[in-house]
Amino acid sequence: MGGLSLGEKNFIQGGIAQDLRSDGRKRLTYRPVSVETGVIPQANGSARVRMGATDVISSVKAELGKPSSLQPDKGKVSIYVDCSPTAAPMFEGRGGDELSTDLSVALQCCLLGGKSGAGAGIDLSSLIVVEGKMCWGLYIDCLVISSDGNLLDALGAAIKAALSNTGIPRVLVAAGASGDEQPEVDISDEEFLQFDTSDIPVIVTLTKVGRHYIVDATSEEESQMSSAVSISVNRKGHICGLTKRGGAGLDPSIILDMISVAKHVSEQLINKLDSEIAAAEAGEDDS
Amino acid sequence: MGLPDASGDLSSEMEVDAFRRLFPLRFYERHLAESIRPDGRPLGRARDTTIALGAVTSADGSALAKIGSTTMLAAVKMEVMTPSMESPDEGCIAIDFHMPPICSPIVRPGRPAEAAPVVSKQLSDTISSSGMINLKELSLVSGKAAWMAYLDIYCLDADGALFDAALLSAVAALFHLQIPAVSLNDDGKIVVSEEDGGKLEKEPVNKEKRKLTLRSIPFSLTCILHKNYILADPTSEEEAIMETLVTVVLDSSSQLISLYKPGGAVLAYTSAVQDCIALTRQRVRELQKILDEANSGMEVD
Amino acid sequence: MKEEGEREVVTPGEVLGKASDVRAGRGAYLAPHNNLVYASLTGFRRALSPSPDSPDQRPTVEITDHKAHGAVPEPGSIVIARVTKVMAKMASADIMCVGPKSVREKFSGIIRQQDVRATEIDKVDMHLSFRPGDIVKAIVLSLGDARAYYLSTAKNELGVVSAESTAGATMVPISWTEMQCPLTAQIEHRKVAKIGG
Amino acid sequence: MMYSDIGRLNCNVSYTTFATPVRAQGSDRKEFSSMLHKALEGAIILETFPKTTVDVFALVLESGGSDLPVVISCASLALADAGILMYDLVTSVSLSCLGKNLVIDPILEEESYQDGSLMITCMPSRYEVTQLTITGEWSTPKINEGMQLCLDACSKLANIMRSCLKEATTSSQE
C-alpha cells in the first residue's frame, strides 16, 4: 500500500483523529461480520468469516495420534495459515510465506496458551482418549482468500466458528491393551462430541494510527499504522495471549490502556460472534 | 603525458590500505622480498594459537580453538545406537563442519560456503585414517548397543587456515570428551545414569564415565607456495591472493597422515614439500604443547 | 587523545541534553515527542560551539565514532574501481577506494556507454575502453539502482589508470586512447586517464 | 531487489546442532528470525543509509532457556558495536508464569513447564516497548506486574550493556 497520495494519507489520519473513519465507522467499531459454517464438507469442522472485504476460511481436521511424552494427558493442536497469492499482491512469492508464518505464530500464541497447556482456549485434556497412549490431534488450517486488513482477528473468529462446527467422533476403547501396544479403538460414525467453545478467546487487534488506536483496520488504514497490538481475550475478560506487531515503540502505559480497551471491545465482539455462529449453525441445520 | 608508470604515480597519492586493496600481489611481494608479512610475522611462523576446553557445557566434550582470528567451536554429543551388522562391536563417529553466516561476509543464509563440505570431508578422512580413535571403545553391548559420536565443528570467524583450526578444535573436543555413564534398565534399554560421574552401584553392564584413549593425535599446518616463498598458516587475505596451498597432517610422533595439494598455479618441487613438512613438524610440537597446557589448565580448575 | 579525562563515552539512547540547550549533530538525534537530544552512536561526546554570528547560539553535540569505518561512495566522490565485466552497453566494476581511502564492504559500480567519455558518446565501443582487471578512476554520478552505483569516466583525468597487457605486464599509456605493453610493444585500446596533468 | 531510499534490515537466527539437549532439535526457528527483525527494526535509524542492507546473523551456541531475549539483546549490542545509528539500545527479557509465581529469565526446564509466558523487548532509555508477547491466561494486574518486572530487568540489562560498550570503546582507543 505504498500507492497512497499525501492527500489520501491525511484524509485517513484526519478521519481517525476525528473519530470518523473513511468508511463511516467510529474508531472502535467493527465492520459487519458474517459467518458461514460447514463450508468444507470433508473436514470435521469449518467456517468462513468475512469482515468487509477480508475473507478467510478455517477448517479443522481431527486425527488420532500419540500424545507427547512431556504431556501425556493432553491432546495436540496445530494451526497453519496459508495466504493465497491471489488475495493481495504482497502475498506473491516470499512475502506470503513470511506473513503466513507470522500469522501462524501469532494465532498459536493467542489461542494455545502456555507450554504446559494452561490458559489454552481449547481444552486440550478433552482431546485425550487413553492417557499417554492415544489422543486427538486437531489440525487447524486457515486460508486467506481476500485481504483487506485485520487478518488476525478474522482468522481468530474463523477458528472459533470452525471449532463450534466441529464434531469429533466418539471413540470406544477396547479394554485389555497393555504395555507398549496401541489400544484398539472403535471410532463411532454416528456419535459426535461437540466442543465447548465458550472459552475460546477472540482476538482484538488495536492498530495505532497517529495518537489514536482503531479496531478492525482496513489495508489502507494499516498502511498508516505505527504499530499494532493483537490481544486475545476470553469471555471471563482474561488475557489469553498478546503479540505486538509493527516497529515503532509504545509506552508501557499505552499498552495497558490498549489492553483495557481490548477487553471492552472483546465483550461486544464475543456476543456478536456467538450470535452469528449460532445463526449460521441453525441455518446449516435447516438446509 | 610522459608517465612511465601510471600505477607508481597512483600509489604515491593514496593510502597504504588502498594500495593493498588495488594491487594486493605487488603489495605482498614487496613484503615477501623483505622476508616479512604484512601482519609482522616471518614467513614460516603461525599465528598465536589458543585452545579452551569445555566451552559448551551441554555437550559431552567441546573445545574452542583460535588460530589468529580464525575461530572454531567443536562439540561432541554422544547418542546410543544399534551398531551395524558388519561391525557389531564398533561405535561410530560422524563429523560435520559448518560455516554459519556469522563467520564470513561471503557466507549468507541460503548461500552456503563452498569450502564447508570440502573441509568436512577432509576432517572425516583425517580423523578416521589417523587411527586416533579405536571405534571398539565406543561399543556398549556387542551387536546391541554402541555409541554414536556426533562431532560438529562450527566456524565462528573464518580468516584462513580453516582446516588447521577445525582439526585442532575437533581433536581437542575429542580429547576433552567424557563418555557418559550408562546402565541397562529392566527393559533391556540403555539409559543415561542419573549419578553424574559418581560411583555407580555395581551392575554388570554399567560403565563409568570415562575418557577415550587417543592413540595418536593428528595436527596439521597449511602453507602457501608462492614463487619461491613458503608462507605458513595463511590468513584469508593471503589465501585469496596466492592460491597454491599445501596442507600437511602429521601425528604426534611425526608420522605423515596425509598431504593435500589441491592444484594451484605453483608446481611444488619435492624440496618445497619437504620444507612444508619440516615446518609442520615444528608446528606439531607447538600444538601438542598448547593442547597439554589447555588440559592441565582444566585439571587445576 | 590528550584530553582523555574529559572525553565522555556515550552509547545509543543516552540523553545528551534538552533541545532548548543543545543542537543534535552527527551521531545524535532529536526526539520530537519529548524534545530531548539522544545519542545514536557509541563514541566520544563532543560539543561544538556555534559560530558567533549565527542566530542560533546553542552548541552542537556530536558523537565521534569509536571505530574507524571504511569509506562509503557518495554522488560526486572520485573512486578507484576494478573492472570486473565489460558488456556492449556498459562495464561493471568493484569500487575499491573512495578518494585515497579504501572501502571495507563490497560496492559495485556500473559505467554505462554514455558515461565513458565526454564527446561522441554514442560511438563509444566499451571493449575498446576497458578490459576486466583494469584499474579505473571514476566519479560517482548517482546511487544508481539497487545493485550498483553509476560511475562516469567522462573527464580527461578519469579513465583507466593501470592496466595489464595480455602478456601480463603493466602497460604504459601513450595517448588518451592507447596503452602499450613494455614487453611486447603491443598497443591496446583504453579510455586512458590523464594523470598529473 | 528494488532500489530503496531507506536501509533494509535482514535477520537470521540459527542454532548449532549441539545447542539443544536433543541433537539438532532447534534447527527450525524461522519465527525467531522474524521476531528478531521486528524487535530491531524500530530501533535502527534506517533513513540514514539508503540502498544498504544491514545483515544481523545470530548463532545460538548453547540453548539454556530465554533464548530469544538473549539473541535480541546480543544483536542490539552487536549493532551498537558496528556503529549503526540507533534510537536506543534494544534489551529484551522474558518471564515464565508457573502456577502463581512469576519467574524472570527462565531456564529451559522452567520454560517447558510454564503456564504462561511474557516477553518484553524495549528501548530502555526511551522507555518504549518495541515488542511484547504474552501466552497463557493472564489477569490485567498480573500483566502489569509481569511487565514491570521485565521492564526493570531491561533497564538493568541496559546498564550492563552500556558499561560493556564503554569499556570496549575506551580500551580500543588506548
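D:Ile134, in strand 6 of chain D, is the bridge partner of A:Leu242. The structure is a predicted model, in which local features require pLDDT of at least 70 and side-chain atom pairs count only at pLDDT 80 or more, whereas totals for chains, interfaces and linings use all residues. Residues are numbered from 1 along each chain as its sequence is written, and chains are lettered from A and ligands numbered from 1 in the order in which they are written.

Strand 6 of chain D pairs with strand 12 (residues 239–245) of chain A in the antiparallel sense, over four bridges; pairing requires at least two DSSP bridges between two strands. Helices (H or I, at least four residues) and strands (E, at least two) are DSSP runs numbered from the N terminus.

Contacts, defined by C-beta atoms placed from the backbone and lying within 7 Å, link 34 residues of chain D with 30 residues of chain A. On the side of chain D that touches chain A, strand 6 of chain D contributes the largest share, 11 residues. By class, this side has 11 nonpolar, 14 polar and nine charged residues (Ala, Val, Leu, Ile, Met, Phe, Trp, Tyr, Cys and Pro count as nonpolar, Asp, Glu, Lys and Arg as charged, and the others, Gly among them, as polar).

Within chain D, helix 1 (residues 30–41) and helix 2 (residues 67–82) pack at about 45°, with axes 10 Å apart; axes are lines fitted to C-alpha atoms, for helices over the stretch in contact, and angles run from 0 to 180 degrees between N-to-C directions. Helix 1 of chain D is therefore oblique to helix 2 of chain D, as angles under 35 degrees count as roughly parallel, over 145 as roughly antiparallel, 65 to 115 as roughly perpendicular and the rest as oblique.

Terms used:
Two residues are in contact if their C-beta atoms, placed from the backbone, lie within 7 Å.
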